[in-house]
Amino acid sequence: MSDATTLERTPKGPTMKTTSPDFVSTTNACKLCTPLGASIVFRGIEDAIPFLHGSQGCATYMRRYIISHFREPMDIASSSLGEKQAIYGGGPNLKQGILNVMKKYEAKMVGIATTCLTETIGDDVAMLLHEFKQEFGDLELPDLVHVSTPSYSGSHMEGFQAAVKAVCDQMPLPVTAENPRHAGVNLLPGFVSPEDIRNAKDIFERFNLPVTILPDYSETLDGEILDDYQKLPPGGTPRTSLKAMGAARATVEFGATLHPDQSGAAVLQDKFGVPAHRLPTPIGLRASDAFFHTLQEIAGQPMPLRYARERGRYLDALVDGHKYISGKRAVVYGEEELVVGLTGLLAEIGIIPVLVASGGNSGLLKEKIAAVCGDLLRELPDVRPNIDFFEIEHETKALQPDLILGNSKGHRIARDAGAPLVRVGFPIHDRFGAARMPHLFYTGTQSLFDRIVNAIIEKRQADNPLGWSYV
Amino acid sequence: MTDHATPITPVIFEERADQIHVTGPATGAGETGAASAFDLACNRPSLAGAVSQRACTFCGSRVVLYPIADALHLVHGPIGCAAYTWDIRGAMSSGPELHRLSFSTDLQERDVIFGGETKLYKALVELIDRHQPKAAFVYSTCIVGIIGDDIQAVCKKVSEEKSLPVLPVQSEGFKGNKRAGYEAACKAMAQLAGTADVSDVSPLSINILGDFNLAGEIWVIRDYYERMGLQVVATITGDGRVDAIRRCHGAALNLVQCNGATQPFAKLMQEKYGQPYLRVSYFGIEDMAQALYDVAEFFKDKDPAIMDRARAIVAEEVGALLPKLREFRRDLEGKKAAIYVGGAFKAFSLIKAFRHLGMQVALVGSQTGTKEDYEELAAICDPGTIIVDDSNPLELSAFIKEKDVDIFVGGVKERPIAYKLGIGFCDHNHERKECLEGFVGMYNFALEVHRTVTSPVWRFMPRRAAKAAAIANCTEATI
């Protein structure tokens, strides 16, 4: 879908439509495919294994891609369909594959995501799983969660959200005497870093709120080195907690760019009556304020001193750092949810976002970008959903930004533009430590702010013939 | 460490027992792996749920063709197949870099329902107009095979309209393993060969096949052969060019490395043009030297001095290399290695290379080895070596523990297995950043092995620390 309408641009940025809006092909995609997102979600559940129903290559490619970002084992099982199964159906392979991961990985949950192959040949996974449960009812079966993720529909973010929603739909038990209402809160943070998840846990703990975070790959994709190889990495959302999600006090879900029909929180509300608090991902001051405000409401207690101080320190840093960055112009790209957060942050600190680009295409991006920065900028940035890196490159050349924010895939664009690239998002496979990078809440925002300011200072220092040592 | 008492090689997936073999009489292989008479099962579909390290047919085709730098490589399918193969391998080009872009028809639901031929046609036309490539390859993916797009017809049409070769690659992912993808790629590429003038090609000429110019490796190899007085007509496909491939049939000899990937091409060329080929490897000292001597031997009637020139190169390079290797060997002597690579052919060279460093290979496996490959491996491996086809993380981690190796040679998917077990790692796959071919490559390899194996970090890792503690306790108890 070509959405080429441009909003007003900053006067410095010459408008240059270098690429044809009616191109049907994609060059250097700014998105990945749906099953990848689903695989990451299933990796964030205790004793679960992601399982792709499709040909062997999908699982292997995604493993490689995810490993290069997290630098952790990422086993994704596959039903490894061949030509015969593509013609006669993949059911037998699916069942054999589940049996194998049950026995050999001792998986207690199998998260089954489809691929374009199995969607197109018309395998009915729900029915196949029903058959499987009947055929092997004598065995101790794992929980089986399935999600439809044809790669020709949406991006990895849609896959991620679909898997979260599937878990919210298929795992919780009805509220009964055995599964009574409890004081815990569900948190659906979206595709954030392991460090962000760890920070979220700390926050809920300080608010005295028991929390179930789905997914929780804070350990499974950023684990310790242990004395033996783990078939399934320790950690992940406890399955017992997933079963109790329907009985929680509330659900907090991050997702400014999430349609209600993609929302796990909405499912928990509609199906189990758990009140949904749907918020933008808390990147930047105002988005973080909104999050902490919601927590105070839910917990019925004031802001813990620790976070009041974090906020205060961040404000102090804003003052200390503002002159290095004020009026600088930035290009931002990545997942829609991420770029909304980053654009809000940039606008708050005095950097002018001139291009906001995403390979995603929720239809919400323009509206949400306007919401986070409309009152802070004289003119809105050029907002380009459904864009590829070929176009981002052309736009960037024309815009000559001072700074670029996004994942590793824009490295060459940044190098050619002579602008520093602050690496944020997924994938980061040309730098170290992506899993330990914070983005959310006051501390994550602070970290992003420091990195942005330092990127600008570093460039200025490197370009300066005097090479001053004080800045 | 002292020797283990008859280790039991774990069979994790019963269905795969015949894809695992332990060499020699020392370990009673009959009980565990394959039967003692060597008969390793291979080239069969991966077991569902086993988490094979293999990719798919599409991957095989993409690997082979992607380094052709002035061709348009259009992936006809949903976005993933193109996205995951965007510039993932450092195949270098001395000129154009069109191969580093990732082109996709980015099929959407409506294309799947109504067919993708129109979109493919439009995509080809717009991209050819934009980039003016010398040729275009169109890769078929799983879904295209199912919805039945006639990509042959679309390619033919665009080829006629735009007057350039537009070549379909029948690489539907589910059609087989990577090896099937090699075949499909070679078939597509063979359509280019024989379509240009070769009147100026020297009788002393070669094509270099099966090298992908990672970290500039093909330039090292090309330099050796040029120093021997040979004309290199085409490099296939590292630093590859369409026009060079079009005239590759004019060369007197094909040199084939990485036999899985480009041997089908060499065979096609032999059938069609009577062009002979030699299998070579540029890894390690012996194999690199042999690759020069074999070629000199082939051309010695046409150029009697060529063998002397080959010998001079080897003498000069090896003379400079050996003292440096001795330094590394002092630290590496007696250490153990595990190898798991895409094609088995590379493993032969690696085993020899490790011997130069005083190291023993205790585990060797590949994704796509053939029966012949594995027989040859079994013949050169030390007794007690585990040989495995199409393995997976559960097996590899178990084998590595059993053999207690110090380094694992593999690719990105194998790296976390090594690291979580607290052992060194060398990337010998297509994503490596170091030149590992030629005599200089042997030095780089030794350096990398040395750096990882001798790093102090391992001693702090729990598995090693626990073992050290156990040994200490044991000693105390004994005393």
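**Exercise 1. The two chains meet**

How many residues does the contact take from chain B, and how many from chain A?

*Solution.* Keep in mind that you're looking at a predicted model. Start by counting each side: chain B puts 59 residues into the contact and chain A puts in 55 residues. Next, look for the element of chain B that gives the most to its side touching chain A: that's helix α5 (residues 117-131), with five residues. Finally, sort that side of chain B by residue type, and you get 37 nonpolar, twelve polar and ten charged.

**Exercise 2. Strands that pair**

Find out which strand of chain B is joined to strand β1 (residues 26-27) of chain A, and in what sense they run.

*Solution.* The partner is strand β3 (residues 103-104) of chain B; two bridges join the strands, and they run antiparallel.

Now try a pair inside chain A. Strand β8 (residues 250-254) and strand β9 (residues 276-279) of chain A are parallel, with four bridges between them. Here V252(A) has H277(A) as its bridge partner in β9(A). To get from β8(A) to β9(A), the chain passes through helix α10 (residues 264-272) of chain A, making a right-handed β-α-β crossover.

**Exercise 3. Domains of chain A**

Work out which helix gives the largest share of the side of domain 1 of chain A that touches domain 3 of chain A.

*Solution.* First get the bounds from the domain assignment: domain 1 (34-170), domain 2 (185-299) and domain 3 (305-463). The C-alpha centres of domains 1 and 3 of chain A are 34 Å apart. Even so, six residues of domain 1 of chain A touch eleven residues of domain 3 of chain A. Helix α2 (residues 56-70) of chain A supplies four residues, the largest share of the domain 1 side. By type, that side splits into three nonpolar, three polar and no charged.

Definitions and conventions
Residues are numbered from 1 along each chain as its sequence is written. Chains are lettered from A and ligands numbered from 1 in the order in which they are written. This is a predicted model: local features need pLDDT of at least 70, side-chain atom pairs count only at pLDDT 80 or more; totals for chains, interfaces and linings use all residues. Two residues are in contact if their C-beta atoms, placed from the backbone, lie within 7 Å. Ala, Val, Leu, Ile, Met, Phe, Trp, Tyr, Cys and Pro count as nonpolar, Asp, Glu, Lys and Arg as charged, and the others, Gly among them, as polar. Two strands pair if DSSP finds at least two bridges between them. A crossover is right-handed if, with the strands pointing away from the viewer, the path from the first strand over the helix to the second runs clockwise. Domain bounds come from an automatic or database domain assignment.
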